[in-house]
Amino acid sequence: MQMMKPSSSSPSLLRAKPRFSPYLFTLLAFILFATILYGHDFMFIFRPHLQLNPNPDTPGVISSEGTKTEEEGECDVFSGRWVLDELTRPLYEESECPYIQPQLTCQEHGRPEKEYQRWRWQPHGCDLPTFNASLMLETLRGKRMMFIGDSLNRGQYVSFICLIHRLIPEHAKSMETFDSLTVFTAKEYNATIEFYWAPFLLESNADNAVIHRVTDRIVRKGSINKHGRYWKGADIVVFNTYLWWITGYKMKILLGSFNDKVKEIVEMSTEDAYRMAMKSMLKWVRQNMDPNKTRVFFTSMSPSHTKSIEWGGEAGGNCYNETTPIDDPTYWDSDSKKSIMQVIGEVFKKSKVPITFLNITQLSGYRKDAHTSIYKKQWNPLTPQQLANPVSYADCAHWCLPGLQDTWNELLFAKLFYP
C-alpha cells in the first residue's frame with residue numbers, strides 16, 4: 001500500500017485508510033471527494049517511482065518565498081523533544097552493519113554505555129512515520145540517490161545504508177569507492193545510493209577524499225561544475241556543507257584556477273563565502289536538475305559540542321563523558337550557526353529552486369551525548385599528554401552510529417513521502 005498524505009485536519013503523519021461502498025453511486029462520490037482531497041497523493045499511487053513535489057508553496061520546501069511555516073493542522077517535524085525509548089531503539093545494531101567506518105563505531109572502540117542509541121525524536125503534536133526500508137527500496141528501484149558534501153553527510157549516508165541493507169541478500173549488494181565517489185549498489189533493485197566527497201561543494205584544496213586535512217583552506221569561486229558533472233542524473237539528492245567553512249579566520253577564495261602559476265586569492269568573511277557557495281549550489285540545481293524528476297534536499301548545519309560551559313557545564317569541558325541530551329528547549333550553542341542559518345534563509349528566499357530543507361541543527365544541538373568523543377579509530381598515535389587528558393582529543397563534531405544520524409534519515413523519509 002502506498003503512503004498517503006493525511007488531511008490538514010489531522011496533526012498526525014499516519015497512513016490514510018480509504019473506505020469503499022458497495023453501491024456504485026456512493027463509490028463514485030467517494031472517488032470524486034478523495035481525488036479533490038488527495039489529488040497529489042493519487043498521482044503518487046499511479047506513478048509510484050518517486051513522489052516529487054516541485055510546488056514552492058508546499059510546507060517544508062524552501063523556495064522564492066523562503067522557509068515555509070506549517071499549514072494549520074500540519075506538524076513541524078523539526079520541533080520537538082528527545083524521548084528515551086527502550087523498545088524501538090536502536091533501529092539496528094552497530095555489529096550488524098558492516099558499512100560503518102571505524103571513525104563512528106563507538107561500541108567497538110570501548111564506549112561503556114549505550115543510552116545514546118536509545119533516544120527517539122518526538123515532534124510536538126504528531127509522530128514521525130516509521131522508516132520503511134521496503135518502501136524506500138521500492139521507491140529507489142531503477143533510481144540513483146546521492147549524498148553530496150562532507151564527513152557529516154557521509155555519516156548520514158552510512159546511516160541510510162544501515163537502515164536498508166538488511167532487506168538485501170548478501171550476493172545482491174556491494175559497496176565500492178572510486179576516489180571521491182562511494183557507491184552502494186542494490187542489484188535486485190537496479191538502484192544505487194552514493195556519497196560524493198565535496199566538503200565545500202565548490203572546488204577546493206581539500207577535495208582529495210583521503211588526504212584532505214589542510215589548515216590553509218582555499219575555495220575556488222564559481223567552480224561547482226568541477227564536481228557537479230558527477231551529480232547529474234541523480235533522482236534524489238541530499239546536499240550538505242558547513243563544518244569546513246568554520247576556520248576561525250576569513251576564508252581564502254581563489255578567483256582563477258588552481259593551475260595558475262600566480263594565484264589571485266581574496267579573503268571573505270565566513271558568511272559571505274558561505275553565501276557564495278549557496279548561490280552556486282542553487283544555480284547549479286536550477287540549470288541541471290528537473291524538479292519533475294528529482295527531489296533535492298539540503299541538510300542544515302550539524303552542531304559541535306566543544307564548550308560545555310555553553311550548556312551549563314564546567315569550563316574547559318566538552319562532549320567527553322556526556323551521556324544525556326540537553327533538556328533546555330531554548331538551547332542554541334553559538335551565534336555562528338545563527339548567522340549561517342540567516343545566510344541560508346536570505347539566499348533561498350530569493351531563489352525559485354524547490355529544495356526541501358532538513359532542519360536538523362537545533363534538534364541535534366540537544367545531543368551533546370551522541371558524539372564519537374574518544375571512542376573511535378585514532379588515525380594518529382595519541383601522545384601521553386592526550387591519553388592523560390581525554391577531553392583534549394575528544395571528537396565533538398562526528399556522531400556514533402547507530403544514533404542521532406538515524407533520526408536525520410527518519411526526517412528525510414518523512415519529507416520524501418510527506419513533502
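This report describes a predicted protein model as a whole and then two of its residues.

## Basis of the model

Residues are numbered from 1 along each chain as its sequence is written, and side-chain values use heavy atoms, with hydrogens and water left out. Because the model is predicted, local features need pLDDT of at least 70 and side-chain atom pairs count only at pLDDT 80 or more, while totals for chains, interfaces and linings use all residues.

## The protein as a whole

The secondary structure comprises 10 helices and 15 strands; these are DSSP runs numbered from the N terminus, with helices being H or I of at least four residues and strands E of at least two. Of the 419 residues, 53% count as buried, a term for under 20% relative accessible area, with exposed meaning over 50% and partly exposed in between (1.4 Å probe, protein chains only).

## Thr361

Thr361 belongs to helix 8, residues 361-365. Thr361 counts as buried because its relative accessibility is 3%.

Ser300 stands 61 residues from Thr361 in sequence, yet their C-alpha atoms are 6.0 Å apart. The side chains of these two residues make a polar contact at 2.7 Å (a pair of N or O atoms within 3.5 Å; within protein, one must be able to donate a hydrogen and the other to accept it, and residues adjacent in sequence count only if both atoms are side-chain atoms).

## Gln405

Gln405 is part of helix 10, residues 404-417. With 1% relative accessibility, Gln405 counts as buried. Beyond its neighbours within four places in sequence, Gln405 is in contact (heavy atoms within 4.5 Å) with Leu152, Gly155, Gln156, Ser159 and Trp399.
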